[in-house]
Amino acid sequence: MSKFYKPITYGGKEAAEFLKLHLGFLHDGRPAPESAQTSVDVEFDAVEDTIVGCRRHNQDNYGRVLAYLHVGGKTFGENLSLAIVRAGFSPYHVKYGRSRLYHADFLEAERTAMAEDRGVWGLANAVEGFFYPGDYTRDYSRLLPWWWMREEIVQDFRRWEAEGVARHVFVPRVHKDQLIAAANDRKSITVFVDLQPKNPYVDLGIMRDVEYIAAGQTKVGTVIYAGTKAHPFNLWIDNARSSEAAKIKTLIERRYSRTGRNYAYVHGKAFTYHKKGIPQIQVDFADQITDTPNKDPLKLHHSGEAYHLAAASVKVKRVAA
């Protein structure tokens, strides 16, 4: 979510100090003396053939590069992300999908931290000065079930990509240039969007009605913010007062907004919002917003069946641990 939904907590401040210590920085953020500094290896979760490709496929919603840092080197060093979870300074963050490389390791690190009452899992160890549990840590009893629901949807998307039925789907965070080109050519496309709240000052955190002039008349449309700050992408409803617009908004509110599914596949013709050059899809019907990349369930079923039959044909020798 955006900055509006993320409070600064005492636990977060402790995590920042933990990072500084492990990366060789002083408490005020200045680099430590050369003798105390350390080297790191960088590893990407999604590997591409080029550095540019790795950066594009490993970004967060603000355009920041995401990577694993191995303090002291990958071979004999420490995976800093795992160390943070193991120390209890963060839960395993699956909100945008599980780790492709270290999923089992993160599960065990979080389990250990919970069992040992470390960090955010043990309020008895919290710093002095807070008055309510919410001052020390976020409400993970509420957040974790929502994160894992989102993780399952992302995992479905990755599986459908591997099976071949979602390879035509664009993701705003990854395919920014392709979306702009498709909008300029006004092509019909499918986009995998995240409709979680982004701004508390607009309806449902993602949409608002706007007036515009068409054929000399003032009309009202609805813009739905379906991209990110670094990768803007919108859905557009041309007539905010129509019965179909009401259906679209009701569907989003009941199924995709707030702590709902959030993720949706939107199918439609792309075009460009001329004032800001933002790619958009015009949504005229609620049926354009779906839970799957293809409206034909048989196609999804058969592609998955073929994929798993091929995977099952690979012989695996099982041995005792």
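Mentor: Let us begin with contacts: two residues are in contact when heavy atoms lie within 4.5 Å. In this predicted model, among contacts in the protein chain between residues at least 6 apart in sequence, 61% join residues at least 24 apart.

Trainee: What share of the 321 residues counts as buried?

Mentor: Buried means under 20% relative accessible area. By that criterion, 42% of the residues of the protein chain are buried. The chain has an accessible surface of about 18600 Å², and carbon and sulfur atoms account for 54% of that surface.

Trainee: Where does pLDDT stay under 50?

Mentor: Where pLDDT is low, the predicted coordinates should not be read in detail. Here the stretch concerned is residues 127-134, for which the model has ten contacts beyond four places in sequence. For the protein chain, pLDDT averages 86, and 85% of the residues score at least 70.

Trainee: In what order do the three strands of the open sheet lie?

Mentor: Two strands pair if at least two bridges are found between them. The order is S1-S2-S3, with antiparallel pairing. Strands S1 (40-43) and S3 (78-79) are at the edges with a single partner strand each, so one side of each lacks a neighbour in the sheet. Four bridges join S1 to S2 (residues 68-71), and aspartate 41 faces histidine 70 of S2.

Trainee: How many residues does helix H6 have, and how far does it reach?

Mentor: The span of a helix is compared with the value expected at 1.5 Å a residue. Helix H6 (residues 140-163) has 24 residues and reaches 33 Å between its first and last C-alpha, close to the expected 34 Å. Within H6, arginine 159 and aspartate 156 are three residues apart, about one helical turn, and their side chains form a salt bridge (3.2 Å, N to O). A network of salt bridges links Asp156, Arg159 and Glu163. Just after H6, glycine 164 adopts a positive phi of about 100 degrees.

Notes. Residues numbered from 1 in each chain as written. Predicted model: local features only at pLDDT ≥ 70, side-chain atom pairs only at ≥ 80, totals over all residues. Heavy atoms only, no water. pLDDT = per-residue confidence, 0-100. Helix = DSSP H or I, 4+ residues; strand = E, 2+ residues; numbered from the N terminus. Expected span 1.5 Å × (residues − 1). Buried < 20%, exposed > 50% of the residue type's maximum accessible area, 1.4 Å probe, protein only. Areas by Shrake-Rupley, 256 points an atom, 1.4 Å probe, with all protein chains shown as cover. Salt bridge = Lys/Arg side-chain N within 4 Å of Asp/Glu carboxyl O.
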